[in-house]
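User: I am new to reading protein structures. Could you take me through a few features and show me how each one is read?

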Amino acid sequence: MNPRVAVPKLFRRNDRWYVRVQVPKAMQNRLRKREYWISLKTSDRQEAMMLAPSVVAEKRTIINMVYNRLEGIRQTITEFTDEQREALFREAYSDHVSSSSNLISEYEQSRFGSLIEFANHREATVEDMIARLRVSQGNLPAINVMMLKLAEANGITTPEGTKAEETLRAACIEGFIEAKRNEVALLRGRAVHADPNPVIVDPDSGRPREFTPLKTILARPPEEPVSLTKLVEEFIANPNKIRTPKTKNSIRGSMGVVIEILGDATPPDDITEQECERVRDLIMQLPPNFKKLPALRDRPIEEMARIARAKGMAKLSPTGVNTYLKWLTTFLNWCQKKGKIARVPTSFSEIRVADPERKEHKRLPFTDEQLQTYFHSRIFADQDRSNSIFWVSLIALWNGMRSNEICQLDVADVVEVEEVWGFDITYISTSGDDDKSVKTGASIRLIPIHPKLIEFGFLDFHASRPKEAKLFDDVTRGADGYYSSTFSKKSNRYLAEVGVHGPKRKFHSFRHNFRDALRRGRVDREIGKALGGWQRGNTEAFDIYGSGFPLEELADELGRVGYPKVIWDHLIV
């Protein structure tokens, strides 16, 4: 029976860290203990976390050994591992050395006239014994007794005819031979004989090599197999971080690729800087959406990279590659803080891929001509107000909200406060479903509805919707739990149909238009951040205290946002 204990349980007492080691329930009555408290002899928590696993493992082994001895449990072994075999050979030799007779006393009591004569006689006797051992293959009463003693000392049984019995016999024979030959060497004034076995004998001193007794090795609780996937799940579940379901899935997706390259059974402390660079170099060769491409689907990552090179496929952008590397290094930092690795092998800044394109150029706002084309296209020309594209597009442009913030709105999220109509952007759903999320803390906000949207008849649309419903009934949640996932496919198809879609111009470009409009209107920077839900500093008390800007003040500033080069008359009701 092996004691299994979960993650080491640390606690502090008198400025010292201790670890609790639980005694398995099945052993508690026999050992009369439920748990042990062991001092880690340090006041530093990080050092305690590093020390705890080995201390716990050692104590578990002792618990197991004591229990097995008290219960008379003997383990049946048919074949030894390399580590067990080495321990057995060294222990056999050590036993022979410790039980050797007093040679000088024997010589003094003998009939030999000199120590040299005694040594010569002893050597001849030893070589004769060794020869008989070779002939009998060690099947002699003396060796059999040694085997029984060694097996009993380690609490093991080796069935007859098994490889384990063969190894046990070989260990006793080899230990006997080495011990006897070294006795002769000592009589001749040497520490060790001419050709010692370096695996079990120290060639300088002739003493036994250091070893962990076989019974200690066998008493170790089985190590739980390393699983990077399992560790990543622990990392994702870290209660110190608030992560949306989408972020969690993003981490799983990115780290899943990383783990496929490294190997799930790779211990985290085996992840070197070179391994991190190998991950980077492989991912850099992959094309966008590589998991979905028919030519690459369900193939190993290395093979995907090879095929992508051969076919000259487009490669992931630096931003795409760096997403994988960011989560890898964040995960490794977490491992270090949790005491799972001694040091982080590299940093994100060391392995990231340099991006020649400035961040602000990755997504571009629509031009005035494109806005004119889009908002005079079929859906808007036909006044198809029941189509979510109609209102979601207008809200994104005039209020600067993110697509998911708009798509997940409940009818009840459109509110009137002190005669100002606004959007109450929150993660709480009035329907009782857990179907909302926000990107950051700054995303939770109450903002006024742009007066142009009211001119376009938004409040009439709102009044036509059932009070307990979602605002847009033709937008459904995607598999990842986000309304924007399904809407983005629909909207991007429509953008392409209209002719304004491109690599740098997608639905999110409306938010870039909104930010430009804030600048053109000379809207106060802090109010602009509040309207758009952009992250403000969250470490300074100035940014934490207070309840924000009054809705009326926000409405005054929002009124400065406009798009004068686009004709809007056809939408006014």
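Predicted model: local features only at pLDDT ≥ 70, side-chain atom pairs only at ≥ 80, totals over all residues.

User: Which residues have a positive phi although they are not glycines?

Analyst: The general idea is that most residues other than glycine have a negative phi. In this model, Gln 383 has a positive phi of about 55°, and Glu 419 has one of about 70°.

User: Where is Gln 383 found, and where does Glu 419 lie?

Analyst: Gln 383 is in the loop between helix 16 and helix 17. Glu 419 is in the loop between strand 6 and strand 7.

User: Is Glu 419 buried or exposed?

Analyst: A relative accessible area over 50% counts as exposed. Glu 419 has 74%, so it is exposed. Gln 383, with 31%, is partly exposed.

User: Is Ala 308 buried or exposed?

Analyst: The cut-off for buried is under 20%. Ala 308 has a relative accessible area of 2%, so it is buried. Ala 308 is part of helix 12, which covers residues 301-311. Apart from neighbours within four places in sequence, Ala 308 is in contact with Gln 285, Pro 287, Leu 296 and Met 313.

User: At what angle do helix 11 and helix 13 pack?

Analyst: The angle is about 160°, and the axes of helix 11 and helix 13 are 9 Å apart. Angles over 145 degrees count as roughly antiparallel, so helix 11 is roughly antiparallel to helix 13. The crossing of the two helices is right-handed.

User: Which residues make the contact?

Analyst: Helix 11 contributes Cys 276, Val 279, Arg 280 and Ile 283. From helix 13 come Val 321, Tyr 324, Leu 325, Leu 328 and Leu 332. By class, the contact has eight nonpolar residues, no polar ones and one charged.

User: How many residues of helix 23 are buried?

Analyst: Six of the eight residues are buried, and helix 23 is mostly covered. The buried residues are Ile 527, Gly 528, Lys 529, Ala 530, Leu 531 and Gly 532. They pack against helix 17, strand 8, helix 22 and helix 25.

User: What is found at the start of helix 23, and what just after it?

Analyst: At the start, a side-chain oxygen of Asp 524 comes within 3.0 Å of the backbone nitrogen of Glu 526. Just after helix 23, Gly 533 has a positive phi of about 70°.

Definitions and conventions:
Residues numbered from 1 in each chain as written. Heavy atoms only, no water. Helix = DSSP H or I, 4+ residues; strand = E, 2+ residues; numbered from the N terminus. Buried < 20%, exposed > 50% of the residue type's maximum accessible area, 1.4 Å probe, protein only. Contact = heavy atoms within 4.5 Å. Axes fitted to C-alpha atoms, helices over the stretch in contact; angles between N-to-C directions. Parallel < 35°, antiparallel > 145°, perpendicular 65-115°, else oblique. Left-handed = near helix turned anticlockwise from the far one by under 90°. Nonpolar A, V, L, I, M, F, W, Y, C, P; charged D, E, K, R; others polar. Polar contact = N/O pair within 3.5 Å; in protein donor to acceptor, adjacent residues only side chain to side chain.
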